[in-house]
Amino acid sequence: MASKYSLFSLFFFPLLSLHFHFSTGQTFVNSVYWFPDSGLAASDIDSTLFTHIFCAFADLDSNTKQVIISSSNNASFSQFTKTVQLKNPSVKTLLSIGGGSADRTVFASMASQSASRKSFIDSSIRLARSYGFHGLDLDWEYPQSTSEMTNLGALLNEWRAAVATEAKSSGKPPLLLTAAFYYASSINGLSYPVQSISNSLDWINLMAYDFYDPTWAKVTNSHAALYNPSGPISGSYGVGSWIQSGISPKKLVLGMPFYGYAWRLANANNHGLMAPANGPVGSGSGAMRYRDIIGFIATNKAATVYNGTIVSDYCYAGTTWIGYDGPKSIYAKVSYAKQKGLLGYFAWHAAADNNWDLSKQAKQAWGA
């Protein structure tokens with residue numbers, strides 16, 4: 001390790017000097033993702049509640065390997081920064097690329113060759129600058145092999161170098177570089193390229209949610225528990241694994257869901273955690289926005305439970321059982337992130353909140 005590190009230092013030290021000088025000004029991150037089809041106009045975002053807002057998603061062209069914005073999103077993306085800065089002139093915006101529904105094989109193909117990585121990198125920087133974004137966010141879900149993880153590391157290193165070069169030539173502050181990663185430092189036995197992540201990214205967003213959903217889990221459960229007394233599937237485990245891998249806590253931003261999942265109970269009288277269930281309520285995955293969960297509780301006079309052991313909420317009425325993060329869970333998670341010395345938190349997604357209740361609770365818990 002020592003000899004490899006000394007070889008890399010010849011290239012990286014000048015680069016890291018610039019990068020870390022810029023990063024020291026980033027004291028905390030209170031952030032949220034937004035996308036135009038969410039039902040919330042960009043002009044209706046209360047940007048005073050956030051330091052950073054992620055605009056999702058730019059696409060990756062499968063042929064050219066360039067980052068593109070669909071014609072349907074062009075108008076809202078081009079005005080996004082100006083729009084959200086009307087209420088909060090200091091808020092920073094990042095263009096997020098990819099997403100859970102993007103074709104991961106296109107990302108794998110792009111990252112596998114230096115020429116296609118350059119197409120991706122150069123086009124992403126051009127887009128960010130022309131649309132007025134302050135940074136770029138990679139959401140590749142997920143690399144599927146050792147070689148893909150290696151290629152991810154090469155992509156991040158080259159991206160950071162290009163961003164530093166562009167900033168020097170333009171005289172502008174370097175673009176922020178972030179990525180949304182799996183909640184733990186390895187996935188399916190594959191480890192993320194920690195050294196490249198540490199050197200090249202300003203921070204990483206840990207997607208500490210979607211641990212369970214009713215399409216496959218046959219018992220009710222929290223999909224975003226902070227703690228898990230019986231196993232490693234939890235937000236706190238993920239944070240610990242990243243820190244143990246060598247990532248500084250100040251590079252970690254804890255993800256929280258502003259949505260839950262609705263299970264259909266097998267027996268309405270058995271309605272706790274781990275109760276037998278028969279799939280999701282309604283069509284699809286059973287996902288529900290927090291604002292709709294609040295509506296369900298009011299309409300059905302549903303019982304509500306906060307479980308402080310795992311840090312999660314759930315409610316039930318009849319055969320419907322919904323696991324979600326309410327104000328107590330959000331407050332506890334943000335307090336945990338701050339106590340552990342993390343850089344901050346993010347939420348998916350802005351439109352799912354209910355009158356900004358969860359966003360306000362998060363900001364209050366952070367004390368910003």
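**Reading a helix pair and a strand**

Modeller: Let's start here: helix 5 and helix 6 cross in a right-handed way, right-handed meaning that the near helix is turned clockwise from the far one by less than a right angle. Helices (H or I, at least four residues) and strands (E, at least two) are DSSP runs, numbered from the N terminus. This is a predicted model, where local features need pLDDT of at least 70, side-chain atom pairs count only at pLDDT 80 or more, and totals for chains, interfaces and linings use all residues. Residues are numbered from 1 along each chain as its sequence is written, and side-chain values use heavy atoms, leaving out hydrogens and water.

Colleague: At what angle do helix 5 and helix 6 pack?

Modeller: Packed helices are described by the angle and the distance between their axes. Here, helix 5 (residues 114-131) and helix 6 (residues 146-170) pack at about 45°, axes 10 Å apart.

Colleague: Which residues of helix 5 meet helix 6?

Modeller: Contact means heavy atoms within 4.5 Å. Arg-117, Phe-120, Ile-121, Ser-124, Ile-125 and Arg-129 do, and their partners in helix 6 include Trp-159 and Glu-166.

Colleague: And strand 17, is it enclosed or open?

Modeller: In a regular strand, side chains alternate between the two faces of the sheet. In strand 17 (residues 344-348), 4 of the 5 residues are buried, so it's largely enclosed by the rest of the structure (buried is under 20% relative accessible area, with a 1.4 Å probe and protein chains only).

Colleague: Which strands run parallel to strand 17?

Modeller: Strands pair if DSSP finds at least two bridges between them. Strand 1 (residues 29-34) pairs in parallel over 4 bridges, with Val-32 partnering Ala-347. Strand 10 (residues 252-257) is also parallel, joined by 5 bridges, and Gly-255 stands opposite Phe-346.

Key
Buried means under 20% relative accessible area, exposed over 50%, partly exposed in between (1.4 Å probe, protein chains only). Axes are lines fitted to C-alpha atoms, for helices over the stretch in contact, and angles run from 0 to 180 degrees between N-to-C directions.
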